[in-house]
Amino acid sequence: SIPLSFFGGIGAASRRGILVKGGNYLEGLNEVNTFVFDKTGTLTKGVFKVTKIKAYNGFDEETLLKCGAYGEIFSNHPIAQSIIKEYKGEIDKELIKNYQELPGLGVKVKVELNDLLIGNSKLMDNEKIIYEKYSGMGTVVYVSVDNIFAGYIVVSDEIKEDAKEAISSLKSSGISKVVMLTGDNKHNAEAVGKELNIDEVYAELLPENKVEILEKIKNKMQNGKVAFVGDGINDAPVLAASDIGFAMGALGSDAAIEAADVVLMADELSKISTAIKLGKNTRKIVI
Ligand code: ADP
Ligand code: MG
């Protein structure tokens, strides 16, 4: 027979918008001592706005933005969406001959006769572009046209209003370490980490590096479990590698929801602490 607490726990959780894929995950939350978070879309809103445009090498800002918008038109990435939104002109998709999305780096595309590269410093370095580094606030997107640096577009995201409170309540419920993983640049990642009192920040990661870091954290631990919280398509492998994976369901990709053990139906980080409390109650009833 199925213990009553099984229904109590999962039922109580689902009434609070927390879908748990099996009673053992709710109980397993009792053993979690490390929480690992993805940054963009999980701790931050994941909605970017263009905050600065700077052109180089004879390009002007309008042309730079136009290149950005053409290059990003086929990308669903929130950074791409912000650049497309900022560009007010028409986009003739027929001109786009070749399009490659490079996870954790940016995009590579041929527009008519021009080869465009749009993405982070790692992409510029990989392609041996000589460029001017930006190191202010926000996420910088570099643009090159036919291997000539055309300038950068800075996009900015905001920390979710409830993120700080959610992290501090995790810590007061006995979670000993909170970690953040991101593909974003170090400068921006560290600013977010500091604001939220995150213990360890790992930046400039490719999707596969996120899995490697999670495995490392798991291997270093003597006991206890590691939970991961994410929302994006690229997060599915890390969700699968963690002991307990949380997907933020409201904005979450299908792949993330599929790979997760716990799905938060609303975009509310406070539900993580709610789930931990329900896990504790579930155990009490069993004993
Ligand atoms: P996160 O780990 O913050 O969720 P991603 O893995 O989605 O971020 O992306 C990591 C980094 O790769 C971004 O911060 C950005 O620099 C770059 N990037 C990824 N996709 C794009 C894109 N379509 N356009 C420009 N830059 C991109
Ligand atoms: Mg993400």
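The structure you are looking at is a predicted model. Its chain has a mean pLDDT of 91, with 94% of the residues at 70 or more. The model's scores are ipTM 0.97 and pTM 0.87.

Let's begin with the overall layout. Domain 1 takes in residues 4-45 and 159-286, while domain 2 covers 49-156. Their C-alpha centres are 32 Å apart.

## Where the domains meet

How many residues of each domain are in contact with the other? Twelve residues of domain 1 are in contact with ten of domain 2. On the domain 1 side, helix 3 (39-43) and helix 8 (186-195) each provide at least two of the touching residues. Sorted by class, that side has seven polar, three nonpolar and two charged residues.

## Around ligand 1

Ligand 1 is surrounded by 22 residues.

Which elements supply at least two residues each to the shell? They are helix 3, helix 5 (78-86), strand 5 (106-111), strand 6 (114-119) and strand 7 (139-145). By class, the shell has twelve polar, six nonpolar and four charged residues.

## The buried side of helix 5

Helix 5, one of the elements that supply the ligand shell, also has buried residues: Ile79, Ala80, Ser82 and Ile83. Why do they lie on the same side of helix 5? Because they cover an arc of only 160° around the axis. In general, an α-helix has 3.6 residues a turn, so residues three or four places apart point the same way.

The cover over these buried residues includes strand 3 (49-55), helix 4 (61-72), strand 7 and strand 8 (148-156).

## A closer look at glutamate 31

Glutamate 31 sits in the loop that links helix 2 (23-28) to strand 2 (32-38). Is glutamate 31 buried, exposed or partly exposed? It counts as partly exposed because it has 14 C-beta neighbours inside 10 Å; the partly exposed class lies between 12 or fewer (exposed) and 20 or more (buried).

Leaving aside residues up to four places away in sequence, glutamate 31 touches Gly224 and Lys225. Glutamate 31 and alanine 247 are 216 residues apart in sequence, and their C-alpha atoms are 19 Å apart in space.

Conventions. Residues are numbered from 1 along each chain as its sequence is written. Chains are lettered from A and ligands numbered from 1 in the order in which they are written. This is a predicted model: local features need pLDDT of at least 70, side-chain atom pairs count only at pLDDT 80 or more; totals for chains, interfaces and linings use all residues. Domain bounds come from an automatic or database domain assignment. Two residues are in contact if their C-beta atoms, placed from the backbone, lie within 7 Å. Helices (H or I, at least four residues) and strands (E, at least two) are DSSP runs, numbered from the N terminus. Ala, Val, Leu, Ile, Met, Phe, Trp, Tyr, Cys and Pro count as nonpolar, Asp, Glu, Lys and Arg as charged, and the others, Gly among them, as polar. A residue is near a molecule or strand if its C-beta atom, placed from the backbone, lies within 6 Å of it. The arc is that of the directions from the helix axis to the C-beta atoms. pLDDT is the predictor's confidence in each residue, from 0 to 100.
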